[in-house]
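Here is a short report for a first look at this structure. Please keep the sequence and the model in view while reading.

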Amino acid sequence: MTDAALSALASLADPSLLLMLAIGVLAGLVIGLIPGLGGTGAVAILLPVTFGMEPEAALAMLIGALAVVHTSDTVAAVLLGAPGSASASVTMLDGYSMARQGQAKRALSLAFLSSMAGGLIGAVGLTLAIPLARPLVLSFGSPELFMLTILGVSLAAVLSRGNVVKGLTAGFLGLLLGLVGTSPTTAEERFSFGSLFLSDGVSLVAVALGIFGLAEIASRVGQRRVTEKPVELTGGWGAGIREWVTHWSQVVRGALIGIWAGVLPGVGATAGTWLAYGQAVATAKDKRKFGKGDPRGIVGPESANNSVEAGDLIPTFLFGIPGGVPSAMLLGMLLTYGIQPGPAIVTDHLDLMYLIVWAFAIASVAGAFLCFLATGSLAKLTRVPFAVLGPGLLVIMLLGAYQEGGQIGDLWVMVLLGVVGFFLKATGTPRAPFLIGFVLAIPMERYYYLTASLYDGGSWMLRPGVLVFAAVLIVPVLWALLKKLRGTSGQADDGHRDEHEGPDHDVDDLEGSMAGTTWSAALAVLLVAAFAAALWVSGSFSEEARLMPRLVATCGLVAALVMVWQEAKVWRKRAADVEEAFGEPLGTGGSTMLATRTRPVADEKALARAHDLRIAARTFAAMAGFLVLVMLGGYLAATLVFTPAFLLYAARTRLRTAIVYTVVLGLVLLALPSLLPVDLPMGILQ
Amino acid sequence: MTQHVDVKDVTADPDGSAVPTQDPQEPQDRAMPSPRLAAAVVAGFTALAVGVSVLGGDLLNPAASTTDGDYSGETVEMMIPLAEGGGTDTWARFVATELTHEVPGSPGLAPVNDDGGEGILGTNHFMSSARTDGTEVLVSTASTVVPYLLDMPAVRYDFADLRPILANGTGAVVYARSAAGVQGVEDLVERDKPLVFGGIAATSLDLTTLLAFDLLGADVTSTFGFEGRGPVNLALQRGEVDIDYQTTSSYGPAVEPLVEDGTAVPLFSLGQVDESGEIVRDPNFPDLPTVVEVYEQLNGEQPDADALETYRAILALTYTYQKALWVPEDTPDEAVELLRSTAEEMGADPEFQEAAAEVLGGYPIDASTDLAERIGDAYRVDDAVREDVLELLETDHDITID
């Protein structure tokens with residue numbers, strides 16, 4: 001075994017293989033930077049190049065790209081709040097907060113170093129896990145996979161910033177959106193209202209970039225100022241490494257969780273990154289800073305999302321079950337070389353397996369190192385006002401979302417979800433559970449249905465794996481309740497934070513600014529209506545297809561009703577406050593729904609809110625206008641009209657900036673289709 | 001003309017720098033650039049945009065034409081109506097790459113994946129907009145053929161309006177878990193406890209296996225909802241399901257080890273339809289009986305003629321001619337004939353056969369002169385067959401197609 005490992009390493013010393021690896025790493029890094037392309041884009045661009053190569057060279061190139069895509073996709077999530085994948089949204093929680101406090105460089109260094117370690121540990125894990133993979137995969141039946149999806153959504157709901165009821169409501173809303181399309185069990189269409197476009201379900205990239213990315217553009221375009229705090233670019237690489245080393249145990253734990261989760265086909269990768277975040281929160285003594293820029297919230301998940309890629313290769317090679325499109329394409333490539341996936345691959349092609357392991361390790365280190373060197377210049381991006389970044393970002397993000405399905409409808413869905421994301425953000429409703437719910441909706445339904453049909457009655461609930469997951473889910477809640485009963489509350493140990501404690505250092509002025517106002521009350525009522533409507537519509541589905549939508553809609557309805565009740569409580573309380581106390585400062589916490597405000601402060605806040613709303617409305621209208629232009633004249637033409645108009649009238653940049661910006665963007669769009677596997681949407685006039 | 005307007009506007013730009021230069025970091029109170037200039041810049045770019053969309057489209061995508069069957073300098077666009085990375089995608093990319101190398105003039109190849117509606121959207125799109133000059137090719141596979149067969153409302157294509165270039169089949173083997181009490185085909189019927197079959201959806205490739213169970217009267221209950229055949233194979237190893245099928249290319253790695261260690265028993269192959277329309281043993285599994293043989297073994301007589309005809313028709317459609325490359329009906333004969341004959345020569349080339357062994361899964365490329373006729377027969381499904389299938393779906397699986 002060691003012989004094979006060493007000879008594989010020796011073969012990698014071959015300069016032509018190293019060159020292929022380097023090309024793969026560079027391509028992976030560049031593609032990862034563009035939100036929405038991700039691993040699929042990376043493999044799609046490289047695959048045609050590999051036809052006709054030796055299998056070793058082709059593998060080196062593809063693995064090189066796959067290993068680093070999740071390193072560089074952190075950049076958009078941390079700096080711009082635009083995660084291109086479900087796993088990047090986890091890093092975003094703390095990474096983006098940190099970047100907005102002017103510490104973008106610190107956030108990025110931590111993320112890149114963790115990615116590197118995650119990749120390395122993943123590669124070692126890949127080697128060690130090969131003999132263990134089979135029993136591990138076989139011991140995870142449908143009931144365990146079902147519990148894993150539940151755990152993923154609940155962790156996201158409980159751990160995201162904000163209150164638990166709002167988190168759960170957002171999670172149910174995401175689950176509901178995920179159910180749009182063809183049912184996995186009966187192949188009938190649900191919530192598609194006769195549209196063939198919706199029968200495919202909503203595209204993941206459109207959801208992720210809409211709910212986070214576009215909402216971010218709309219809420220920040222109004223701010224002419226860069227960040228509220230000056231960007232700190234101080235502190236050399238040494239400082240970054242030193243800080244990172246203090247979190248080494250989080251890195252290792254995150255990576256191990258990532259490998260384990262990646263090995264489980266289907267649901268592992270998304271749930272795994274949340275489990276990594278969950279364990280970081282659960283094992284921390286002081287949890288108050290999570291969600292506001294805690295380094296531990298970056299290190300663990302970032303290490304996990306790279307090792308997940310390594311773990312994912314195990315079911316791909318050993319069982320021929322790829323965990324995602326990128327590994328499916330890798331599988332296809334192996335097939336064209338006559339390499340059959342299956343347990344025999346370990347004996348028949350051991351040298352190739354080790355080549356993959358080594359290539360993965362080397363690529364992880366090289367990719368993270370390149371990114372780490374570039375952190376300083378990347379972080380400077382946060383100095384550019386969002387109003388100026390806006391149009392370019394919009395054009396690139398919409399283009400990224402278009403690639404998944406090649407449907408203009410996806411772009412409309414994305415803008416619509418941008419509006420939803422804006423209001424969720426403004427009312428302090430966490431958006432991460434929404435995204436995770438969306439991703440896990442179909443697997444959850446699939447494994448619930450399979451569990452219910454393949455096992456007699458409730459016997460599956462007694463399986464050891466199920467019991468362990470149930471314990472992970474329930475014990476912390478019981479523990480928190482117990483503590484509360486004993487009266488030793490205070491340090492919110494149930495994972496979510498009341499956010500009353502201490503002065504709020506939050507720099508994001510929109511986040512939660514509309515909590516406790518008419519807007520959040522309206523949102524709660526609207527959600528009740530949405531869940532009620534879904535419940536009513538699901539009555540028309542067949543019995544099997546109805547099960548999950550009904551369950552989700554009912555639970556969502558209950559959660560949304562609790563939200564309405566909470567809103568009503570705030571209203572009553574505020575009315576009472578206004579009557580008895582005048583001018584007495586009661587609280588300054590700007591981002592909590594329970595914060596009470598005195599009148600002068602309230603007036604000022606109301607003005608700021610109106611300003612934010614006006615700008616957001618204008619920005620979303622501009623996005624819709626852009627899409628209309630795209631449908632008329634095609635993407636390039638629409639960009640040429642939209643960009644200068646937006647820059648001159650909304651961002652009010654100098655003429656020269658507007659012209660150069662537009663010309664550069666136009667040239668990029670012109671060149672992109674020949675460089676990357678990118679299609680530009682066509683208009684009817686073309 | 002449009003170009004001219006644009007140039008003038010750009011040269012008017014230096015006047016704009018009369019606006020005091022400011023650091024981009026403090027633009028909050030910046031006055032709007034003069035409205036006239038701003039409007040001029042936007043108008044200039046609009047003119048450029050109109051120019052780009054009207055003229056640029058043709059310049060960037062020069063129209064191809066191969067009416068004379070000359071492919072030099074052309075690019076063949078291949079519509080793959082499924083996602084990157086699947087079995088069909090791998091097959092199509094490999095076969096088309098080899099084919100375009102062989103075609104005189106060595107045209108380029110541009111595969112396009114449009115995976116909407118499980119293949120239906122992309123195929124609809126091809127049907128409505130493909131160029132008819134031999135530079136656009138469609139890939140068909142079971143997931144687009146079954147909805148066509150069932151006449152689903154979303155289907156707006158008709159294989160009768162397309163012309164085949166080449167076809168390639170595959171086969172499948174049904175196997176069961178020994179621990180569920182299955183030693184051979186006789187354990188399929190008259191059971192105390194029905195066998196659990198794991199499937200993806202009754203309206204997918206699973207349909208053929210369901211028809212086989214129906215023909216045999218096998219005591220099987222079906223649970224659909226699995227993500228793919230790989231997960232069903234794992235579920236069988238875990239004991240969650242009892243009976244499964246795998247296509248030829250995955251049988252080796254996924255099932256053979258289970259058969260060797262006694263976990264599973266192979267029962268029968270779905271068979272192949274030969275050139276005379278008979279169901280024969282799968283050349284890749286010469287030792288396994290076909291469904292028809294199993295029926296005879298169990299019942300001592302031939303199956304009912306109508307039921308057999310339904311099975312035969314669906315087998316031909318979903319396995320024997322499972323994957324094919326097509327061009328639009330109005331494509332010039334020269335181009336079609338050139339592609340077909342090149343494919344035939346390529347299929348007979350031992351070098352290609354060796355390179356393609358794994359991708360083709362042991363079934364030859366079929367591009368002989370009578371392909372169009374045979375494939376036409378297979379795809380022209382009788383109403384009686386269609387009704388049989390719809391009835392099976394409705395009575396056994398509660399699925400109605402409206």
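## A sheet in chain B

In chain B, strand β1 (residues 75–80) and strand β2 (residues 108–113) run parallel and are joined by six bridges. B:I80 stands opposite B:N113 in β2(B). β1(B) also runs parallel to strand β3 (residues 136–140) of chain B, with three bridges joining them. Here B:E77 stands opposite B:E136 in β3(B). Helices (H or I, at least four residues) and strands (E, at least two) are DSSP runs, numbered from the N terminus. Two strands pair if DSSP finds at least two bridges between them.

The model is predicted: local features need pLDDT of at least 70, side-chain atom pairs count only at pLDDT 80 or more, and totals for chains, interfaces and linings use all residues. Residues are numbered from 1 along each chain as its sequence is written, while chains are lettered from A and ligands numbered from 1 in the order in which they are written.

How many strands form the open sheet, and in what order? Six strands of chain B form it, in the order β2-β1-β3-β12-β4-β13, with mixed pairing. β2 and β13 (365–366) of chain B stand at the edges; each has a single partner strand, so one side of each is left without a neighbour in the sheet.

Helix α12 (residues 333–348) of chain B packs on the sheet. α12 touches β4 (162–168), β12 and β13 of chain B, and its direction makes about 5° with that of β4(B). Such angles run from 0 to 180 degrees between N-to-C directions, and axes are lines fitted to C-alpha atoms, for helices over the stretch in contact.

## Strand β12

β3(B) pairs with strand β12 (residues 323–328) of chain B in the antiparallel sense, over three bridges. B:S140 stands opposite B:A324 in β12(B), and B:V139 has B:L325 as its bridge partner. β4(B) and β12(B) also pair in the antiparallel sense, over six bridges. There, B:L162 has B:P328 as its bridge partner.

Is β12(B) largely enclosed or left open? Six of its six residues are buried, so β12(B) is largely enclosed by the rest of the structure. A residue is buried if 20 or more other C-beta atoms, placed from the backbone, lie within 10 Å of its own.

## Chain B as a whole

Chain B has 15 helices and 13 strands. Of its 402 residues, 50% count as buried. Among contacts in chain B between residues at least 6 apart in sequence, 77% join residues at least 24 apart. Two residues are in contact if their C-beta atoms, placed from the backbone, lie within 7 Å.

## A helix pair in chain A

Helix α6 (residues 142–159) and helix α7 (residues 164–178) of chain A pack at an angle of about 140°, with their axes 7 Å apart. That makes α6(A) oblique to α7(A). Angles under 35 degrees count as roughly parallel, over 145 as roughly antiparallel, 65 to 115 as roughly perpendicular and the rest as oblique.

A:V153, A:A156, A:A157 and A:V158 in α6(A) meet residues of α7(A), including A:V164 and A:L175. Ala, Val, Leu, Ile, Met, Phe, Trp, Tyr, Cys and Pro count as nonpolar, Asp, Glu, Lys and Arg as charged, and the others, Gly among them, as polar.

## Where the chains meet

In chain A, 67 residues are in contact with 60 residues of chain B. α23(A) gives the most to the side of chain A that touches chain B, with eight residues. By class, that side has 37 nonpolar, 22 polar and eight charged residues.

How values were computed:
Buried ≥ 20, exposed ≤ 12 C-beta atoms within 10 Å, placed from the backbone.
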